[in-house]
Amino acid sequence: MECVVQGIIETQHVEALEILLQGLCGVQRERLRVHELCLKSGPNLGVVTSDVRLLCDLDQPDPTWTVKHVGGAMRGAGADQISVMVRTMIESKVSKNSLRMFYALGYKLDHELLKVGFAFHFQRTAHISVSVSSVNKMPKVHAIDEAVPVTHGMQIVDVTAPATPENYSEVAAAVSSFCEFLAPLVHLSKPFISTGVVPTAAAAAASLMSDGGGTTL
Amino acid sequence: MPVKWVLHWQPNQGSTVSSQILNEASQCVESINGVKEGRWKATLNYYKPILKDQANQSEFPRDFLGISLADEPDKYYFIIRSQRIVVEADTNIQSIMEKLQSYKSKVALYFEGFQYQLGDFRLRVGKVVPTHSENVRGIVMEVDYLPISSIKTANKLMEEFMEIWHEALAKRSLPGKFVNIDINFEEYGLGDIYTPQHTAVRYALVMAHMIATVQAVRG
């Protein structure tokens, strides 16, 4: 299970966001370069179609793989009252030939993306991860070196935190509270409910850049 | 990780496997001064595809299995023998498989028994039973040579140990023998240094041989 919010930010303001995050998180940023392969079950397999993601972390000297299943979001009156999305999510590290295994099991490559950027991982009531990345598509299958941005000039901000059925309220509150600090630069909301860019982000970014992040927003 | 052989009991024509064979094998280990250390257990699952149309079954692997090993409690291994695929994952990969609802575990087996220390060797002798039954379907034996991780380097020593083992077991006049399967691990993308993925492949081959033996007897 995880709590998730997303937002978009113009690439020109990413540096300011990084300065803000550095100040807020108090940890070193990590580079992010992840090849995400989204697989879908073939037409005959399963009563309903299933999706699974394979993530290859290209930033490691020896790329490491993770398989991830993202489930449906929590629904109902309770979910409507929470400003973050709460959804099932299971991740498992896997060895490098997992793609071959899923192909053999009848899964097909639906689409693939290359995410390039940076991330901060820190503890604030919950274990929160913030990533800022450009999302790139490949003109040919697995052609990572030829990847081009899906949307020029824009990057995606993801804030996630693992949760359990027992603590998701507290985790959601921690994520929500953290997101308020980022509001001058990026609006964060439940995925698929875009609120666009922050109209005053330029001014906020200028302020951050001019004094290296010392100004209180 | 030490090099491991996984042997399985091959009964003579006309005889069957039983708990008695396991008892005899365990006593044999003790007779050559094996020191009992405790119990061990591994679990194996056969996965079958959930299909909209059963007529398309041949499109999907018939030998997709998953195994959790006694030495790696936090890991789970998938093997598709026909395609020479072995994958290592965290144990929660099983939860992912359940969520996907594309494959279902149809048959589950336990390998369980006792573990022994014998000089530089560690032995495990165990029965193969379905999870909801006491019906012994087979007997397996793991032999670890603890000081060495290179398969090639350990080979001669393992063969010498097996000669001693076969000699000791022969005195009990049992209706069968323990068999080791020669495996070309390179076909699975595995090297000379032994890993748990090698063990997963060994168990997949053992199961294939045990099934073939049962089918031959029934035939």
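**Exercise 1.** Is B:Cys28 buried or exposed in this predicted model?

*Solution.* Start with the relative accessibility of B:Cys28, which is 0%. Buried means under 20% relative accessible area. B:Cys28 therefore counts as buried.

**Exercise 2.** Determine how many disulfides the structure holds, and check A:Cys25.

*Solution.* Over all chains, the number of disulfides is 0. For A:Cys25, the nearest cysteine sulfur belongs to A:Cys179 and is 11 Å away. A disulfide needs the two sulfur atoms within 2.5 Å, and A:Cys25 is in no disulfide.

**Exercise 3.** Describe the largest nonpolar core and the contacts of B:Ile139.

*Solution.* First, the size: the largest nonpolar core has 62 residues. Next, the members that touch the most others are B:Phe111, B:Leu123, B:Ile139, B:Val143, B:Trp165 and B:Phe178. Then take B:Ile139 and set aside neighbours within four places in sequence; its contacts include B:Leu7, B:Trp9, B:Val17, B:Ile21, B:Val125 and B:Phe178.

**Exercise 4.** Classify the packing of helices H1 and H5 of chain A.

*Solution.* Identify the helices: H1(A) covers residues 14-25 and H5(A) residues 201-210. Their axes are 9 Å apart, at an angle of about 60 degrees. H1(A) is therefore oblique to H5(A). The handedness of this crossing is left-handed. Finally, list the residues that meet: A:Glu15, A:Ala16, A:Ile19 and A:Leu20 from H1(A), with A:Ala205, A:Leu208 and A:Met209 from H5(A).

Notes. Residues are numbered from 1 along each chain as its sequence is written. Chains are lettered from A and ligands numbered from 1 in the order in which they are written. This is a predicted model: local features need pLDDT of at least 70, side-chain atom pairs count only at pLDDT 80 or more; totals for chains, interfaces and linings use all residues. Side-chain values use heavy atoms; hydrogens and water are left out. Buried means under 20% relative accessible area, exposed over 50%, partly exposed in between (1.4 Å probe, protein chains only). A nonpolar core is a set of buried Ala, Val, Leu, Ile, Met, Phe, Trp, Tyr and Cys residues joined through side-chain atoms within 4.5 Å. Contact means heavy atoms within 4.5 Å. Axes are lines fitted to C-alpha atoms, for helices over the stretch in contact, and angles run from 0 to 180 degrees between N-to-C directions. Helices (H or I, at least four residues) and strands (E, at least two) are DSSP runs, numbered from the N terminus. Angles under 35 degrees count as roughly parallel, over 145 as roughly antiparallel, 65 to 115 as roughly perpendicular and the rest as oblique. A crossing is left-handed if the near helix is turned anticlockwise from the far one by less than a right angle, and right-handed if clockwise.
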